[in-house]
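This briefing sets out the nonpolar cores, strand pairing and aromatic contacts of the structure shown below. The points are grouped by topic.

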Amino acid sequence: MKINKPLHVITAVALSAMLITGCATDDDDTADTATASQESITDTVSGDGKGRYAAVNGLQLYYEIHGTGQPLVLLHGGLGNAETSFSALLPELTKNRKVITVDLQAHGHTADIDRPLSFEQMADDVAGLIDHLELEKVDVLGYSLGGGVALQLGSRNPDVVNKLVINSAAYRFDGWTAEGRTGMASIDPTAMIGTPMHEAYTRTAPRPGDWPVFAAKTKQLLTRDFDWTTEVAAITAPTLVVIAESDIVERPHAVDLINLLGSGTADATSDTAAATLEIVPGTTHYDILYRADLLLPIIEPFLDAPGE
C-alpha cells in the first residue's frame, strides 16, 4: 500500500513522541512488578518500589519485571523511557509473559555515566542484565532507538536472543526518511524544556539537571551515520519487522531489512520465516506504540508461535 498522507513537519520534539502526555500514569496497576523473591535481593529497590537497579557495565541499570512466563525484554525509543513507551502494551503482554522493561543508559531512571551513548554499548548493557537476571534466552521488542539496540543485541549476543520484534527502526542511517533525519538533527535541549519528554525526564531521572547533556548526547547518537548490513546479516533469531503506515523508516528500507535477515520476501507469513514485515495501517512513527489494538494481534502470534 502507498502512503497517502504526508508526514508532519518534524520538529525537535517529534523524535520522542512516545512521550505524549497521558501515555502512562503513576497509578497503573495492570501488572505487578516482580518481588525480591523473583529476582536478586542484592539489587537496590527504586524509591517508589516499582523497580530495581542492577550493576551492569558501570551503570546502575534500572529495570522492572511484570508477570510470569517466557521472558520478553522491552527496549524504548530515544529520549523516552519504558513506562511512557509501553504502558499501552503492558497489560496484555504481561498476562502470560515475564516482561522485563529497561531504562537504557541516561534514560528514565537510569543515570548517565561518563561514556558516549552508543547502540553497541547499550546492547551489551542489556545482555549484561539478561545474564545478571539468569534469564538465558529471551524475546526482545525494541522501538525506534530501542529497535537499533535490539538489532545490535541480536548480532552481538545471539546466544541470549530467542525472537526479535523490531518496531520502526533502521539498520542504516539512510533508512530514515529525510524528515526523520531533519528531526534528529533539530534536537535542542533548551527549546525542548517544558515539552512532555522533558517533563517525563525530570519526573524520573536521578539527576534531572542532566537534561542538557542527555539531550545533546542523544542528538549525537541519532545523527551518527551508520551501516549495520554485515551485523544484521549475521542475526539468526526469527525476526518480526513492524513499521507504521506513515513511518520515518523508508518502506523500501524495511523490505531490505527482512531480505537481509533471510526471508527473501516482504510478504512472508510463515511462522518459521527468518523475518516477516508487517505494516500497521493508520499509524505514524509517533503513535504506533499507543495502538495496542493494532499491534498486539501482530506481535503476540509471532511471539507465541513455536520456534524453529
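**Aromatic cluster**

F226 counts as buried because its relative accessibility is 9%, buried being under 20% relative accessible area, exposed over 50% and partly exposed in between (1.4 Å probe, protein chains only). This is a predicted model, in which local features need pLDDT of at least 70 and side-chain atom pairs count only at pLDDT 80 or more, whereas totals for chains, interfaces and linings use all residues. Residues are numbered from 1 along each chain as its sequence is written, and side-chain values use heavy atoms, with hydrogens and water left out.

- The structure contains eight aromatic pairs, defined as rings of Phe, Tyr and Trp (its six-membered ring) with centres within 6.5 Å; planes under 30 degrees apart are stacked, over 60 edge-to-face and the rest tilted.
- F119 and W228 make an edge-to-face pair, at 5.1 Å centre to centre and 75° between the planes.
- This pair links distant parts of the chain, 109 residues apart: F119 is in helix α3, and W228 is in the loop between α7 (211–222) and α8 (229–233). Helices (H or I, at least four residues) and strands (E, at least two) are DSSP runs, numbered from the N terminus.
- F226 and W228 form a tilted pair, with 4.5 Å between centres and 35° between the planes.
- W228 is buried, at a relative accessible area of 3%, and F119 is buried as well.
- Ring pairs join F119, F173, F226 and W228 into a cluster.

**Nonpolar cores**

- The largest nonpolar core comprises 66 residues, and L75, I100, V149 and L153 have the most contacts inside it. Such a core is a set of buried Ala, Val, Leu, Ile, Met, Phe, Trp, Tyr and Cys residues joined through side-chain atoms within 4.5 Å.
- Helix α3 (residues 119–132) supplies the largest share of this core, seven residues.
- A second, separate core has 23 residues, including L74, Y143, V242 and L303.
- Leaving aside residues up to four places away in sequence, V149 touches L75, L104, F119, M122, A123 and V126 (contact: heavy atoms within 4.5 Å).

**Strand pairing**

- Seven of the eight residues of strand β3 (residues 59–66) are buried.
- Strand β2 (residues 52–56) runs antiparallel to β3 and is joined to it by five bridges; two strands pair if DSSP finds at least two bridges between them.
- Y53 has Y62 in β3 as its bridge partner.
- The hairpin of β2 and β3 has two residues between the strands, and N57 takes a positive phi near 50°.
- β3 is also joined by five bridges to strand β5 (residues 97–103), again antiparallel, with V102 in β5 as the bridge partner of Y63.
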